[in-house]
Amino acid sequence: MAIMSTHPKDFERVRDLSHDLKLHQPDDLKIVPCFGVHPWWVSELTQEDWQEDSARDALPRWLVEVEDMLVTYPHSIVGEIGLDGFHFDRATGGLKAPMAKQVEVFRLQMELAAKHQRPVSIHTVQCFGVLMDTLSIIKKSTVKLPPKMYFHAFGGKQGTIDQLLALCGREPGKVYFGFAPVINFRSPKTADVVRKVGLDRLVLESDHEDAQFVPKSIEDCVDFLASSLDVGEEEVIQQTTRNAFSFYGLD
Ligand SMILES: [Zn+2]
């Protein structure tokens, strides 16, 4: 189970929850704490968060907090980070965080993930063009892209999958996709997109904030993937488990 954070304010909660679950659950439950700033919370970064840390290559403080977590927890990954072109501020009618700011925060975290060779869980809503542009810039830079990328609650089209694989790498174990019942299952195009992705690149997810909804969501994911791909539920469970182990670097 991967537990995503959204802002430095919840890093300690994610860390403590991961720790408690490990203590009180059977040994075969693997917990992956994830640290990052989500696009919805970019606007919550304060001036103080943006102050440069002179002792740490002038990185902004919030990024130093992400890096400290990654270094302290070697099995943690970067997430949930990304870009959102549909999260508006009701008062102004504009995006809650300007896209240029979201790109800056996303890019800094992608570069950090590449530096520490960690996988990344990526959120993208209605801005796949900006995502492609940003990924190409990072790919051409000296740091390069992170080793593994997971596009969660994927709302792109079939053609977007080809573009992402061309950009991020087609080799097995590099790029994964997930679909969440709360986000994706009402769209009639999702089953076609699932078939285009294929079982080898799929990971189960709930995308719920409340843990009580997680088991049912995961069961719904298995049902949906099995019927979309016309394979048995057991095969979906086995393969998505192997995929998750590969993506999160578990053994
Ligand atoms: Zn998301």
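His 152 lies in strand β7, where strands are DSSP runs of E of at least two residues and helices are runs of H or I of at least four residues, both numbered from the N terminus. The model is predicted, so that local features need pLDDT of at least 70 and side-chain atom pairs count only at pLDDT 80 or more, whereas totals for chains, interfaces and linings use all residues. Residues are numbered from 1 along each chain as its sequence is written, and side-chain values use heavy atoms, with hydrogens and water left out.

At 5% relative accessibility, His 152 is buried (under 20% relative accessible area, with exposed over 50% and partly exposed in between; 1.4 Å probe, protein chains only). The contacts of His 152 beyond four places in sequence include Glu 80, His 123 and Asp 207 (contact: heavy atoms within 4.5 Å). The side chains of His 152 and Glu 80 form a polar contact at 2.8 Å, that is, a pair of N or O atoms within 3.5 Å; within protein, one must be able to donate a hydrogen and the other to accept it, and residues adjacent in sequence count only if both atoms are side-chain atoms.

His 123, found in strand β6 (residues 120–125), is likewise buried, with a relative accessible area of 9%. The side chain of His 123 makes a polar contact of 3.3 Å with that of His 38. In an unreviewed UniProt entry, the annotation "binding site" covers His 123 and His 152; UniProt positions follow the numbering used here, feature names are shortened, and annotations may be inferred rather than shown by experiment. Although spread over 30 residues of sequence, the annotated residues cluster in space, with a largest C-alpha distance of 5.8 Å.
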